[in-house]
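Biologist: Can you walk me through a structure? Keep it quick and plain, please.

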Amino acid sequence: MELMVTIASRNLEDGAVVVVGTGVPCAAAMLAQMTQSPNLTILFEAGGIAPLLPSMPISVGDSRTTYKGLKSTSMAEIMEFCQAGIVDYCFLGGAQIDQYGNLNSTMIGTDYNKPITRFPGSGGANDLASLCWKTMVVTPQNQKRFAKTVDFVTTPGYLQGGNSRTEAGLPVNTGPYKVITDIGVYGYHPETRQMMLLSLHPGKTLDDVKNNAEFEILIPEKYEITEEPTDFELKILREKVDPNGLVIGRK
Amino acid sequence: MSTKNLQTGQGELFMSPNVEDARAFFHQKKKLMTNKLTSVKEAVERNLHDGDYLAIGGFGGVRIPTALLHEVIRQQKKNLGFSGHVATHDCQILSAGECFDRCDAAYIVGLEARGLSTNARRLFESGTIQVTEWSNAALSWRFKAAAMGVPFLPCRSMLGTDTFKYSAAKEIECPFTGQKLLAVPALFPDVAFIHVHRADIYGNCQIDGILVADDDIAKASKHVIVTTEKIIDHEEIRREPGKTIIPFWCVDAVIEVPFGSYPGNMPGEYYSDEEHLAEWLKKEKNPEEFAAFIRKNILETKDFYEYLQLNGGIQKIQKLHQTEHLL
């Protein structure tokens, strides 16, 4: 988990604007802000703008999300910033992800009217992945989560691949950017939009990549080995970002 | 991009976006500044009827109108509709009373980082609740359209997904650019419950911190019941008009309920009671224990204060006040 949070944080450059949720995304944004990106602007979908987070919030609307912030506003205004093109990144999770980065957080089952398992639904996820420039997903990787077909497309990735996302009317040049798992970091093929390996975590193998996905992940000739968290990153993460181990203590 | 074959979501549209009807209703609504102070019991009895569509202010576990929600269960209201834009503890309370049979859902059955509500899931998995799917922005903009007095707003969310397929939104072509857009219909709830920091007796309200969608919900809803941490003098409203989020004419009833967002967070006042919310989630795992828990905490309590007293009373609030201020 420390590795996943650290990699996520390295993707947030100084001066960027990011919308985060609770848990891993929030920890990553805090770590980025306390290391290489002191001018990272953090937004919360419920209305918190640019807080200096004292600790991790338990709700994306709780008081921590406006602590020493610059503005507190409405959910509509945050989403309007996204729709207007202000927001660089969003961070999402989900029960299932497919090869084009489509996410399911609504239900398991085939009958919408009688789901086997009902999950919360989109919340703001569909909006953020539709409207922010780049969507990052942080998730554990296994066959169940990396599904050939998701039971419900809650949140758009590249939809059916190719140009289908733009054809659906979603903003041009937006879409899934990276997927960070416990095995590696993935991007998307520039044309087909299939998920492809960018870097493999130390100690993991290509078999781990393949055996933990129902769909085929593209393996390019050249890929990197993920750089481990530095002592400095770990120190900040353990002592300042998450001293109670709420996120990094999770398996 | 192609604008041929424009699609329509197959979900049920529960409330009419007819703005002429809404205008006529809001026109005849009395706009006299009268004293609207009442009790929780009376406000719910008078304003919320079986079958009504309810919007709930706040953000699930932040600035929520707990006293009113408990009263809905006590009065055993049935067949309500409700809008679940990040409905967390509020959805959990209404699910405990099985008070609703239809829901515009953007976020339901979960309590964010705290986990999922077993009981709310049971209800939504039973097939007895009619659900139409939305996103948080879509519901926010539906309230905004209603607040603006227009039948829909165009937006760029939900396109291409099953969230759209099971919604009641429609794809449209922009008359200016020819782009494909999503039209989300205005949502005019029958009743809204909103908890605020300060209000005068006429219903002019001030809110600290995030607004979520409450500015628009207050304008969109036919009847608005406000609970407030504190009643303030009318002159205080007049001294700082820039602070007024909800003007009096939106509001039908005002009730002073200090600590009224408990066990939710009230920005600047007290943090959420995580121990108690964890107890809710735990009790839900066993239906009999949960029924007893609801009897003890809601059905057999006279009002919100008895509930608060049962769960630690003023000492608990003091502790949550300290947590809120990082003491």
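Biologist: Start with chain A. How many bridges join strand β1 (residues 17-19) of chain A to β5(A)?
Modeller: Two bridges join β1(A) to β5(A), and the two strands run parallel. Before we go on, this is a predicted model: local features need pLDDT of at least 70, side-chain atom pairs count only at pLDDT 80 or more, and totals for chains, interfaces and linings use all residues. Residues are numbered from 1 along each chain as its sequence is written, and chains are lettered from A and ligands numbered from 1 in the order in which they are written.

Biologist: What counts as a strand, and as a pair?
Modeller: Strands (E, at least two residues) and helices (H or I, at least four residues) are DSSP runs, numbered from the N terminus. Two strands pair if DSSP finds at least two bridges between them.

Biologist: Which residue stands opposite Cys90(A)?
Modeller: Val19(A) stands opposite Cys90(A) of β5(A).

Biologist: And how many bridges link β5(A) with strand β10 (residues 134-138) of chain A?
Modeller: Four bridges, in the parallel sense. There, Phe91(A) stands opposite Met136(A) of β10(A).

Biologist: Which way do the side chains of β5 (residues 89-92) in chain A point?
Modeller: Tyr89(A) and Phe91(A) point one way, and Cys90(A) and Leu92(A) point the other way. All are buried. Buried means 20 or more other C-beta atoms within 10 Å of the residue's own, with C-beta atoms placed from the backbone; exposed means 12 or fewer, and partly exposed is in between.

Biologist: New topic, chain B. Is helix α3 (residues 66-74) of chain B enclosed or open?
Modeller: Seven of the nine residues of α3(B) are buried, so α3(B) is largely enclosed by the rest of the structure. The buried ones are Thr66(B), Ala67(B), Leu68(B), Leu69(B), His70(B), Glu71(B) and Val72(B).

Biologist: What covers them?
Modeller: The cover includes α2, α4, β8 (191-199), β10 (223-231), α11 (287-299) and α12 (304-310) of chain B.

Biologist: Take α4 (residues 89-96) of chain B. At what angle do α3(B) and α4(B) cross?
Modeller: Their axes cross at roughly 15° and come within 9 Å. Axes are lines fitted to C-alpha atoms, for helices over the stretch in contact, and angles run from 0 to 180 degrees between N-to-C directions. That crossing makes α3(B) roughly parallel to α4(B). Under 35 degrees counts as roughly parallel, over 145 as roughly antiparallel, 65 to 115 as roughly perpendicular, and the rest as oblique.

Biologist: Which residues make the contact?
Modeller: From α3(B), they are Leu69(B), His70(B), Val72(B) and Ile73(B). From α4(B), they are Asp90(B), Ile93(B), Leu94(B) and Ala96(B). Contact means C-beta atoms, placed from the backbone, within 7 Å. By class, that gives six nonpolar, one polar and one charged residues. Ala, Val, Leu, Ile, Met, Phe, Trp, Tyr, Cys and Pro count as nonpolar, Asp, Glu, Lys and Arg as charged, and the others, Gly among them, as polar.

Biologist: What about α2 (residues 40-47) of chain B? How does α2(B) cross α3(B)?
Modeller: The axes come within 9 Å and cross at roughly 60°. That makes α2(B) oblique to α3(B). Val40(B), Lys41(B) and Val44(B) in α2(B) meet Ala67(B), Leu68(B), Glu71(B) and Val72(B) in α3(B). This contact has five nonpolar, no polar and two charged residues.

Biologist: Where does Gly260(B) lie?
Modeller: Gly260(B) sits in the loop between β12 (253-256) and α10 (274-283) of chain B. Gly260(B) is buried, with 23 other C-beta atoms within 10 Å.

Biologist: How far is Gly260(B) from Val40(B)?
Modeller: They are 220 residues apart in sequence and 11 Å apart in space, C-alpha to C-alpha.

Biologist: Last one. How many residues link the two chains?
Modeller: 55 residues of chain B are in contact with 49 residues of chain A. α6(B) gives the most to that side of chain B, with five residues. By class, the side has 25 nonpolar, 17 polar and 13 charged residues.
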